[in-house]
Amino acid sequence: MASDSKIAKPKLKLAVYWASSCGGCCVSVLDTHEKLLDIVAAADPVFWPIAMDIKYHDVEAMEDQSIDLTLFNGAVRNSENRHMARVLRDKSKILVAYGACAGMGGIPGLANFFTKEDLFRRVYDDSESTVNPDRIRPMPVSEVPEGTLEIPGFFNRVYALDQVVEVDYYIPGCPPQSERLIEVFTAVVTGANLPPKGSVVGAGEKTNCEDCLRIKSENKKVSRFYRPWEIQEDKKSCFLEQGIICMGPATRSGCGVRCVAGNSPCRGCYGPPSTTDDAGARMMAAISSMIDSDQPETIDEAVSTIADPGGLFYRFSLPASILEKP
Amino acid sequence: MNHSPTIIAFLCNWCAYTGADLAGTSRLHYAPNVRIIRVMCSGRIEPAFVLKAFREGADGVLVCGCHPGDCHYQEGNYKCLRQFKLLQKFTQQAGIEKERLRLEWISASEGQQFAELVNSMTELLSLMPRKKQKILQEVEP
């Protein structure tokens, strides 16, 4: 309390919101550990559903542009997500797409391989644990004796945040590394020169391979691919050279190659590097060039060892891919 | 239901494009549904190009290069073949039917074969329903 009076500048107002997300991004803000105390010393959280009890109508009542920085995580899956995206856009000076879901659609975006009808059929009719003889489906509006009930409308597809409202910056990652958040936050607080609008911040420009410490050779040819559980990898050489698909060549650096350091191949959560806008297409070109064959049959065999190319190459980026971008 | 499909064809400069050129100079009649994009080598045809074509509304995409062993750059067409096989698996997963994406080898002397290829693909696609356009924007309630 005493330190408050020493701060000459008015404290920043900070909002963190989750839309269609798992909550990991909000936890990554808490994962700043004791630095969180510095964050709250410099900024007042005014809206943060995981940590504070503030209602939507309180946010709606705020003045436009009254929040200095909003970290919006999660994809836009339904009308509630879109409503809050619009509200927070109006209320915020800087709106950051925080994490892979807000930035590219993320894991929820994989639902775009299916239609809304496919998803509802699976969830409300076909799934093994479902008993629903009356085929009841969620309706946005339903009449009950007590009155009218409304729930958010489920969209036909999943959207990245910038497909719904204008976004100022992107902090990639699933979740973003907390160190990167502190860097960005410090830049906002100190009023340092912020990069141009639309930039990816808190990440590098190059690919993860540039930061990777695994031993790489010239020989990238393989006759088949392995899923991580199918092979005992040697813990030191490039995953790709061992036939394990690693998204490193098509993924932006900045995470510190943590997954690889933990002996797990890169999954691509930081999205494409600045040189390309579709990591999946880039990766398909790279992976196919590794197949050590000129014969259609053996190429087929190698391709057949990639069980789910869509889910693998577009794990975090389907709604923002070439095929899906509105 | 019949309709007039749009086919984007990526042709390599040395064989396939020359073959298509021969079809023209030989005054062969073939379906006008194909839009040709010339690239130096079929190995240059990245998955992103094909996806972009579908994204922009192509009903079909045709990829043509030199016959195996005939590539002007020794092995660009094999590179093409490898990319194509993987891409094909992905596009089917993304809901694009197999018939809409085709790889064929056309030599510089195969004008007739190119014309027949375009005709057969046009006919096949015209009998299929139009490619379903993804819903890219929600209708406001």
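Me: Why is Phe225(A) called buried?

Reply: This is a predicted model, and in it Phe225(A) has 22 other C-beta atoms within 10 Å. The cut-off for buried is 20 or more, so Phe225(A) qualifies.

Me: Where does Phe225(A) lie, and what does it touch?

Reply: Phe225(A) is in the loop between α8 (208-211) and α9 (258-261) of chain A. Leaving out residues up to four places away in sequence, it touches Gly243(A), Ile245(A), Ala302(A), Thr305(A) and Ile306(A). As for Val260(A), 35 residues apart from Phe225(A) along the chain, the two C-alpha atoms are separated by 18 Å.

Me: How do you know what share of chain A is buried, and what range its contacts span?

Reply: Of the 326 residues of chain A, 41% count as buried. Take the contacts in chain A between residues at least 6 apart in sequence: 74% of them join residues at least 24 apart. The chain has 12 helices and 10 strands, and its C-alpha atoms fill a box of roughly 70 × 60 × 30 Å along the principal axes.

Me: What makes up the domains of chain A?

Reply: The assignment gives domain 1 (2-107 + 156-200), domain 2 (113-155) and domain 3 (208-320). The centres of domain 1 and domain 3 of chain A, taken over C-alpha atoms, are 31 Å apart. Their contact takes 18 residues from domain 1 and 12 residues from domain 3. On the domain 1 side, α5 (100-104) and β8 of chain A are the elements that give two or more residues. By class, that side has 10 nonpolar, 6 polar and 2 charged residues.

Me: What makes β2 and β10 of chain A edge strands?

Reply: Start with the order of the open sheet, which is β2-β1-β3-β5-β9-β10 (chain A), with parallel pairing. β2 (43-47) and β10 (199-200) of chain A each pair on one side only, and that puts them at the edge.

Me: How do you know that β9(A) and β10(A) are paired?

Reply: Pairing needs at least two bridges; β9 (residues 169-171) of chain A and β10(A) have 2 bridges, in the parallel sense, so they pass. Within these strands, Tyr170(A) stands opposite Val200(A) in β10(A). Helix α7 (residues 178-190) of chain A packs on this sheet, touching β1 (12-18), β3 (67-73), β5 (92-98) and β9 of chain A. Its direction makes about 150 degrees with that of β9(A).

Me: What does the contact between chain A and chain B consist of?

Reply: Each chain brings 25 residues to it. On the chain A side, β8 (154-159), α10 (279-288), α11 (296-304) and α12 (309-313) each supply at least two residues. α10(A) gives the most, with 5 residues. The classes on that side come to 14 nonpolar, 6 polar and 5 charged residues.

Me: What makes the sheet of chain B open, and which strands stand at its edges?

Reply: The 4 strands of this open sheet have the order β2-β1-β3-β4 (chain B), with parallel pairing. β2 (34-39) and β4 of chain B each have a single partner strand, so one side of each is left without a neighbour in the sheet. The twist averages 20 degrees from one strand to the next.

Me: Which residues of α2(B) are buried, and what covers them?

Reply: In α2 (residues 47-55) of chain B, the buried ones are Pro47(B), Ala48(B), Val50(B), Leu51(B), Ala53(B) and Phe54(B). Their cover includes α10 of chain A, together with β1 (7-12), β3 (60-65), α3 and β4 (101-105) of chain B. Just after the helix, Gly57(B) takes a positive phi of about 105 degrees.

Me: How many residues are in the largest nonpolar core, and which have the most contacts inside it?

Reply: That core has 76 residues, and Met284(A), Cys12(B), Val61(B) and Val63(B) have the most contacts inside it. Helix α3 (residues 76-93) of chain B provides the largest share, 7 residues. A second, separate core has 52 residues, including Val96(A), Tyr169(A), Leu181(A) and Val201(A).

Notes. Residues numbered from 1 in each chain as written. Chains lettered and ligands numbered in written order. Predicted model: local features only at pLDDT ≥ 70, side-chain atom pairs only at ≥ 80, totals over all residues. Buried ≥ 20, exposed ≤ 12 C-beta atoms within 10 Å, placed from the backbone. Contact = placed C-beta atoms within 7 Å. Nonpolar A, V, L, I, M, F, W, Y, C, P; charged D, E, K, R; others polar. Core = buried A, V, L, I, M, F, W, Y, C linked by C-beta atoms within 7 Å. Axes fitted to C-alpha atoms, helices over the stretch in contact; angles between N-to-C directions. Domains from an automatic or database assignment.
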